[in-house]
Amino acid sequence: VSAVAGLQMTAIVSNAPSADDLKKYGLDAPAAVVALHLGSTDRVRVGVGADADDSTVYVKDLSRPDVFTIQKTAADDLRK
């Protein structure tokens, strides 16, 4: 839980990805979707996509257009 609470992006990849981009990032059908509750009313759904490189993975807040990368170890924690 602490790993998820401290989750930080490593880079912004795209601000408004097209459907083809989402497929390229593995986010057209994410490998995992994690619902995070940030207080009593704030909720975020994060989609975990494909590997960006050897150390990072593409992710997306499903309610926003941006695609980010996070450390692969953090993505592995989300998949659990």
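The protein chain carries 9 positive and 11 negative side chains. The centres of these two sets lie 5 Å apart. The model is predicted. The accessible surface of the chain comes to about 5,100 Å². Carbon and sulfur atoms account for 50% of that surface. Of the 80 residues in the chain, 34% are buried.

The fold was examined next. Three helices and five strands make up the secondary structure of the protein chain. Read from the N terminus, the order of elements is α-β-α-β-β-β-β-α. The radius of gyration is 12 Å, close to the 12 Å given by the globule rule for 80 residues, so the chain is as compact as a globular protein of that length. Along the principal axes, the C-alpha atoms fill a box of roughly 35 × 25 × 20 Å.

A35 sits in strand β2, which covers residues 32-38. Leaving aside residues up to four places away in sequence, A35 touches V44 and R45. A35 and L78 are separated by 43 residues in sequence. In space, the C-alpha atoms of A35 and L78 are 9.8 Å apart.

Definitions and conventions: Residues are numbered from 1 along each chain as its sequence is written. This is a predicted model: local features need pLDDT of at least 70, side-chain atom pairs count only at pLDDT 80 or more; totals for chains, interfaces and linings use all residues. Side-chain values use heavy atoms; hydrogens and water are left out. Helices (H or I, at least four residues) and strands (E, at least two) are DSSP runs, numbered from the N terminus. The radius of gyration is taken over C-alpha atoms; the globule rule is 2.2 Å times the number of residues to the power 0.38. Buried means under 20% relative accessible area, exposed over 50%, partly exposed in between (1.4 Å probe, protein chains only). Accessible areas come from the Shrake-Rupley method with a 1.4 Å probe; for residues, only the protein chains shown count as cover. Lys and Arg count as positive and Asp and Glu as negative; His and the chain ends are not counted. The place of a charge is taken as NZ of Lys, CZ of Arg, CG of Asp or CD of Glu. Contact means heavy atoms within 4.5 Å.
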